[in-house]
Amino acid sequence: MSASAVVSAPRRFQFGPLWLVLPALALLAVFFIFPLARLFVLGVQDPGTGALTAEHYTRLIDTPVYWRILGITFRIAFLTAAFCLLLGYPLALWLSKMDSRRQSLMTLLVLLPFWTSYLVKTFAWMILLGNRGVLNSLLTDTGLLERPMRLMYNELGVIIGMVHAMMPLAVLTMLPVMNSIDNRLSLAAGTMGASRSQRFWLIYFPLSAPGVAAAGLLTFITSLGFFIVPAFLGGRGQTMLAQTIITQVQELVNWSFAAVLASLMVAATLVAIWIYNKFFGLSALSGQAPKVDGTPRGSATLRAGGQRVLKALAWLSSPFDRFASQDPSAKGGFSIYALIAVIFLVAPILVVFPLAFTSASSLQFPPPGYSLRWFEQYFSSPVWLAATLRSFGVAFATAFCATVLGGLAALALARSQSRWNGPIFALMLAPMVVPRIVIAVGLFYLMAQIGLVATNTGLVIGHTLLAIPYCFITIGAVLKSYDWRLNQAAETLGAGRLTILRRITLPLLRGGVISAALFAFVTSFDELTVAIFISGGLKTTLPKQMWDDMFLQLNPTLAAVSVVVLLIVTVILLATRKLQK
């Protein structure tokens with residue numbers, strides 16, 4: 001064959017890596033981007049004529065009560081993020097200094113409350129903080145207090161519940177960044193005469209700053225959309241924006257004003273993400289290591305100001321250096337704090353267990369006796385069993401869909417060098433950072449029009465949207481250590497791409513893929529926000545049934561259900577840990 005014939009031969013179509021991300025992008029386009037765009041349009045549209053109007057925003061501006069709710073929402077979200085960073089940073093630092101085996105075990109204790117249903121955690125705090133709860137009973141019975149303290153139905157109760165719910169997220173976000181820091185840098189600074197305070201504030205802390213900022217961003221954004229904890233632990237003065245959106249949709253059926261409130265929440269989220277991306281980059285949200293110099297990407301003036309602040313902190317903390325030595329016993333106080341933090345995370349969940357086996361007809365601690373009657377009532381109830389079976393079915397379907405879509409997207413970005421990698425990466429993480437209440441309202445408005453409300457299909461779609469980011473990050477992290485030369489060797493032996501994927505890539509990534517599926521299962525099994533809108537009134541999921549019953553009356557049956565949920569989550573986390581080995 002002549003050279004001209006070879007040159008003129010048509011080029012074969014190349015199936016590029018980015019094509020693998022198309023299924024996930026299609027799902028996000030139809031059920032995430034489009035519903036959010038519809039919500040924004042509803043906020044500036046007249047419900048009757050469809051004409052553009054600023055009436056709904058004018059109502060927001062002219063009504064002081066909504067400004068108070070906005071202020072309450074931002075204040076609680078900011079305080080939650082601040083306390084999560086303040087209390088979680090020492091715990092993450094303590095975990096990062098452990099060997100891999102001990103760190104894996106202790107991280108499991110942090111993961112347990114993180115993946116436990118918000119309803120179960122809130123129920124536990126209601127038992128602990130009530131006027132006749134565990135804490136007040138202990139304090140009054142021992143004579144330390146004459147009357148119970150008011151720990152619930154106020155901002156204190158909301159902050160306690162939300163910090164407990166968000167602190168594991170902060171710790172698990174900071175920990176990968178801390179693990180990637182080269183401790184030899186601090187040792188080198190010590191050999192050059194730097195004090196312990198200077199080594200921490202001027203070397204270690206700047207290197208961990210991207211993780212701290214990512215933790216603050218995620219906890220703040222997630223807290224903006226909270227409604228479970230304020231609904232049960234707060235009072236009228238702690239009504240947050242998400243509760244107002246639910247009221248506008250379910251009780252007042254005012255979609256336009258609900259869209260305005262949702263738009264404000266999304267706008268606040270986008271501003272926070274923009275600020276974070278400007279200085280640190282969104283890639284740190286996936287646990288990616290910071291740059292070697294650890295400095296943010298802001299202006300030179302901002303960096304100089306930050307350095308001055310860190311030097312001042314190093315100077316202020318230098319008097320305490322004499323209390324710290326290289327003797328391991330001197331670290332006892334630090335370890336005690338970390339253990340107290342772990343107890344704070346785990347203890348509220350464990351309180352539920354004895355109450356599930358109580359013989360009393362009401363929640364009393366300690367229980368006067370023990371019985372299995374509440375488990376018998378749960379397993380003999382058609383309503384509870386139907387809700388449990390539906391949650392299992394939806395969770396299995398969600399795990400399959402989210403793992404396939406998120407895994408293909410992670411594989412596409414791992415193999416591609418396209419300029420589109422950055423926008424696609426941000427879009428894949430978007431359902432994790434956009435408040436869930438906004439996603440749920442947008443889905444409800446869309447699915448009500450296409451007949452997917454009160455269907456398992458609608459629930460699977462909604463839960464898959466929420467689970468995709470976790471699968472994408474989990475599988476993407478495993479792909480970073482994958483040796484692609486194995487694929488090249490298989491290609492030279494004549495193996496096709498599907499054969500390589502089935503016989504080489506998937507077997508080597510099996511642990512990460514199964515872990516991603518288990519995380520997606522837990523995400524769906526414990527999800528409430530989407531279920532409130534999509535599940536329907538007759539066929540509910542287990543979290544939705546718990547939500548309905550908690551509004552009616554707190555009873556030991558809820559404790560029994562909480563124990564069942566905790567056992568399921570614990571088994572899944574143990575299985576994930578075994579697979580990750």
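1. Basis. This is a predicted model: local features need pLDDT of at least 70, side-chain atom pairs count only at pLDDT 80 or more, and totals for chains, interfaces and linings use all residues. Residues are numbered from 1 along each chain as its sequence is written, and side-chain values use heavy atoms, with hydrogens and water left out.

2. Salt bridges. The count is three, a salt bridge being a side-chain nitrogen of Lys or Arg within 4 Å of a carboxyl oxygen of Asp or Glu. Arg75 pairs with Glu155, with closest N and O atoms 2.7 Å apart. This pair links distant parts of the chain: Arg75 is in helix α4 (residues 64-96) and Glu155 in helix α8 (residues 155-179), 80 residues apart. Helices are DSSP runs of H or I, at least four residues, numbered from the N terminus.

3. Exposure of the pairs. Buried means under 20% relative accessible area, exposed over 50%, partly exposed in between (1.4 Å probe, protein chains only). Arg75 is partly exposed at 37%. Glu155 is partly exposed at 23%. Asp182 and Arg184 form another bridge, at 2.8 Å. Asp182 is partly exposed at 31%, while Arg184 is exposed at 62%.

4. Helix α26 (residues 542-552). Eight of its eleven residues are buried, so α26 is largely enclosed by the rest of the structure. Among them are Leu542, Trp547 and Met550. Lys544 and Asp548 form a salt bridge here (3.1 Å, N to O). They sit four residues apart, about one turn of the helix. Lys544 is buried at 11%; Asp548 is partly exposed at 27%.

5. Asp526. This residue lies in the loop between α24 (510-525) and α25 (529-534). Asp526 is buried yet has no salt bridge; Lys121, the nearest side chain of opposite charge, is 7.9 Å away. Lys and Arg count as positive, Asp and Glu as negative; His and the chain ends are not counted. Leaving aside residues up to four places away in sequence, Asp526 touches Trp115, Thr116, Ser117, Pro543, Val565 and Val569. Contact means heavy atoms within 4.5 Å.

6. Helices α18 and α24. Helix α18 (residues 382-415) packs on α24 at about 140°, with axes 8 Å apart. That makes α18 oblique to α24 (under 35 degrees is roughly parallel, over 145 roughly antiparallel, 65 to 115 roughly perpendicular, the rest oblique). Axes are lines fitted to C-alpha atoms over the stretch in contact, and angles run from 0 to 180 degrees between N-to-C directions. Contact residues include Phe392 and Phe396 of α18, and Phe521 and Phe525 of α24.

Notes. Helix = DSSP H or I, 4+ residues; strand = E, 2+ residues; numbered from the N terminus.
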